[in-house]
Amino acid sequence: MMRREYAMRMRRFVLLAALGVLSSCGFHLRGTGKVEMSPVFSTLRIMVEGNQQQNDPLLVAMKNALRTQTDVQIEDTGDAPLLVLYGERSDSQVLSVSSTGKADEYLLKYEVSFRLTGKDGKEVAESQTIRVQRDHAFDRLNVLAKEREEQELRREMQRDAVQQILRRLSRITPTESHADQR
């Protein structure tokens with residue numbers, strides 16, 4: 001009985017020590033907390049090039065991320081800098097095949113580009129492309145579940161790309177001419 005109690009106390013101590021070390025080094029989970037944006041971008045318009053749908057999954061994900069993780073106000077119209085998302089592509093490539101010659105594993109790829117223009121329509125920063133990829137094992141005996149898993153992986157890759165776009169936007173420092181347009 002004493003040994004079990006001692007083991008439980010040691011586990012608690014190790015857990016608390018690990019939490020203390022992680023919190024003291026500034027560790028935090030990716031995607032948590034606020035992302036600081038330049039005051040010039042306190043208001044943004046967002047669009048997916050070549051798409052007129054208001055419920056486009058990429059557009060919705062980007063707007064949600066901006067609303068929840070930044071202090072940016074999103075406008076549909078008006079005189080605000082414009083974030084343009086374009087070139088969204090999703091692809092897959094066979095990574096391995098079984099002895100019967102059928103695909104066992106795939107590499108899923110997701111790519112999206114973005115550019116940011118000021119109120120005057122001039123580019124604030126160079127266009128950038130985000131690339132995300134994931135491995136996906138395929139099981140011919142469980143096709144429906146694996147298809148759902150692949151769809152979820154693709155949504156996760158899109159969310160990861162949106163997070164990377166936010167981080168890159170937070171590092172953009174506008175030139176003097178764009179800062180004067182506030």
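This is a predicted model: local features need pLDDT of at least 70, side-chain atom pairs count only at pLDDT 80 or more; totals for chains, interfaces and linings use all residues.
Which residues form a nonpolar patch on the surface? I looked, and Tyr 6, Met 10, Phe 13 and Val 14 do, with about 440 Å² of accessible area together. Patch members have over 30% relative accessible area and no salt bridge; nonpolar side chains are joined within 5 Å, like charges within 9 Å. Areas come from the Shrake-Rupley method with a 1.4 Å probe.

Residues are numbered from 1 along each chain, and side-chain values use heavy atoms, without hydrogens and water.

Next I checked the salt bridges (a side-chain nitrogen of Lys or Arg within 4 Å of a carboxyl oxygen of Asp or Glu). The structure holds 8 of them.

One of them joins Glu 49 and Arg 115 at 2.4 Å, N to O. Glu 49 sits in the loop between strand E1 (43-48) and helix H2 (57-69) and Arg 115 in strand E4 (residues 103-117), so the pair ties together parts 66 residues apart in sequence. Helices (H or I, at least four residues) and strands (E, at least two) are DSSP runs. I also found Arg 115 over the face of Tyr 86, 4.8 Å from the ring centre; the cut-offs are CZ of Arg or NZ of Lys within 6 Å of the centre and within 35 degrees of the ring normal.

Then I turned to Arg 134. Its side chain meets Glu 156 in a salt bridge (3.4 Å, N to O) and Asp 160 in another (1.9 Å, N to O). Shared partners join Arg 134, Glu 156 and Asp 160 into one network.
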